[in-house]
Amino acid sequence: MNSQQAAAREHRRYRLEWLLFGAITLLVLAFATYWLAQSRRDIQAQESDRLRTQARVVSDNLLQQFAGVDKALIGVRDDFFSGSGVPGMDMMTVRRLQALTDALPGVRTMFVQDAHGKIVAANRPELTGRTFAEREYFSTPRSHPNRDLLYVSRPFKSTLGAWVVNLTRVLTDANGDFAGVVVAGLDPDHFDVVLRSVLYAPDMRTTLAHGDGIVFLNMPVNAALLGADIAKPGSFFTRHRESGRGDTLFTGRVQATGEDRMVATRTIERPGLHLDRPMVVHVSRVLDAIYAPWRNEVYTSAAALGLVLAGSAAALWQLQRRRRDYEALSRRARLEREDHDRRLRRMTDSIPALIGYFDAQQNAKFFNTPAMKVLGLEPDRPYTLREALGEASYALHAPHLDKVLQGERTSFESEAVHVAPGVFILINLVPDKQPDGSVQGFYVMSFDITPLKKAQFALADNERLLRAVTDNLPIMISYIDSQERLRFLNATLNDWLGVDTEKSVGKPLRDVIGESEYEPRREYLARALKGERVEFEMDSGALGVQRCLRVIYVPDLRDDGSVAGIYGMSTDVSALKRVERQLSALARIDTLTGLPNRHQFNEKLHEGLAKVRETGDALGLLFLDVDHFKAINDSLGHAAGDAVLREFGQRLQRAVRPTDCVARLAGDEFVIILEGLRGEAEPQFVARKILAQIAHVFDIDGRHLSVSTSVGIAFHRHGVVSASELLARADAALYEAKAAGRNTYRVSESIGS
């Protein structure tokens, strides 16, 4: 093979190496792109589930409120106007309306209108005698009367300037003709609390709209949107309504505000509650806020990957350069040896090397011209190896002379200080063997490898730079061969696992990280060594620090499909897991009182009923509210009302055992689950204790308030009862306590009591 063919072959090899490097780079970029895209999809799926859940929480709460109001309206209709039309004002009806308004936290007003729209009875005396025949909540039922429908009016501004939605039931006379309506006006302040309770991020917004698209409430409050019509063509509201589904999720530009948001929409309706037009709730978040952590992850990953690829490219370039220099020297030496017998003198004089030949007694037999000049030797004068080299240079050769005289070829590198500082030479000692194996002498060849050494030094610097980059990345990076031996690991393994990065190279992974850290990885290592890319999460307690690690194993596949090893990358996602746990906890806690909310209460009640079936112990459920709480809110303001609710909740906690569950349902409604009871007297004892606790004066911002509570008790020991049935019994007992004059308790027997 001539020099041109060799150069062409080397050029092809270098080009293939760069093509391979490019292919690996593309694979790494593809992997990173896939990983980041998957991370974005995970965030989108997680956030959509959260928003749907919050929309469902609002819907369930409002449905319960609507059902309670509807029950009250039907009760008024059936008890006072059962087919008898609408008589004049009756004080019994007025007192009933006032009692229902006090009992229903989400209702501000209740009144009865005759067939002409005149109010004949109301919980607020100033409304009696006024006529509102033009109002949509009256005109629609009058035009299309249906005793089975609960009419939901469009939001409208009341005479006090507040946006109101009224719920209406039709009254008929003895002939079944329209005789009037009984109406309940919803309290927007109460529903503000419901909408606020599901906000777990500052960029969230909750909107409650009428089925026709008119905005009733939003939180945080955007006054410009109250009463606005969002049923525009192409709006999320219109798309939801046209979908025919009760639950939808859309992402994009919100027409009403111009913001890019993810919006979960839910129609508030259920079987058994016949609404003429349902309400619709929107729960949304700003897209930029949702994907902010993901964008930071993209920037960090891009910077780290760019540094690694740049360092790798530089290392490959330096390696090829060093190899070119070294191979050039080797080719020249090979050509000179092939011409040795024929043109030894001329060839040795023309190559950049110092060449000499010495017999077994180290007497010089030949020097090429460069050696003569460099060493300052005189032609035709006999020299020994020591004399020719000088003492300093001879001392470098001496340790290798025994090997070459025993027939072993040897070489070593040295700095040629006798030539010039910073000059490096490669010295080869080659034995001259006879056919019988005896050594009659040896060749000494010295090459100037200064460029090669400089390239090696530069490569070492680049390798140190690459090591510095990987050692400072906040991830564990490693390469594990097919025998599960560590071939590369960065300093983060030392920081997180206490691994000595230098001593661990070449050792089995199991021995290096220990059984406790190896066992969670064992199954995934086996899968990766079979050619599968695996990703998993695990808990690590190394060095006494608890971490949640996200681990990725990527197999290193050879051309034949076999696995040479595994690339490993582990990131610490502990902070993300803590945030997820905190968000989960917030979704189950009432933000005003710090007590469990309705969601957590439902879980606890189902768990308690399951224990009753397993252990046979009894369970008590107490349903409480603050007597005349609406009067406190109206007279002292919502801030004072919130302070009363917080103090009320704290006193309830002090009145029960640490194992009992005290929860806030909504408004001034609280519930207590008493487990492990032996008899019906125990919850009554707790009720009396609570009444005594609440009777103490409340100190609210310097004001001394007398507060009382009414308690409904449901007791359950045997049989089958659902959570909703037990809660309904406690609620009914609460109404009995209120009817008995408040500040007392009543017991409703449950199945198996």
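1. Over how many bridges do strand β1 and strand β7 pair? The count is 7, with β1 (residues 107-114) and β7 (residues 178-186) running in the antiparallel sense. Bear in mind that this is a predicted model.

2. Next, have a look at helix α4 (residues 188-197). Its buried residues include Phe 191, Val 194 and Leu 195, but also His 190 and Asp 192. At the start of α4, Asp 187 has a side-chain oxygen within 3.1 Å of the backbone nitrogen of Asp 189.

3. Most peptide bonds are trans, and most residues other than glycine have a negative phi. Met 219 and Pro 220 are joined by a cis peptide bond, with omega about 0°. You'll find Pro 220 in the loop between β9 (215-219) and α5 (236-243).

4. Two non-glycine residues with positive phi are also worth a look. Gln 362, at about 70°, is in the loop between β13 (353-359) and β14 (364-367). His 628, at about 55°, is in the loop between β23 (618-626) and α18 (629-636). Buried or partly exposed? Gln 362 is buried because its relative accessible area is 19%, under the 20% cut-off; His 628, at 46%, counts as partly exposed.

Terms used:
Residues are numbered from 1 along each chain as its sequence is written. This is a predicted model: local features need pLDDT of at least 70, side-chain atom pairs count only at pLDDT 80 or more; totals for chains, interfaces and linings use all residues. Side-chain values use heavy atoms; hydrogens and water are left out. Two strands pair if DSSP finds at least two bridges between them. Helices (H or I, at least four residues) and strands (E, at least two) are DSSP runs, numbered from the N terminus. Buried means under 20% relative accessible area, exposed over 50%, partly exposed in between (1.4 Å probe, protein chains only). A polar contact is a pair of N or O atoms within 3.5 Å; within protein, one must be able to donate a hydrogen and the other to accept it, and residues adjacent in sequence count only if both atoms are side-chain atoms.
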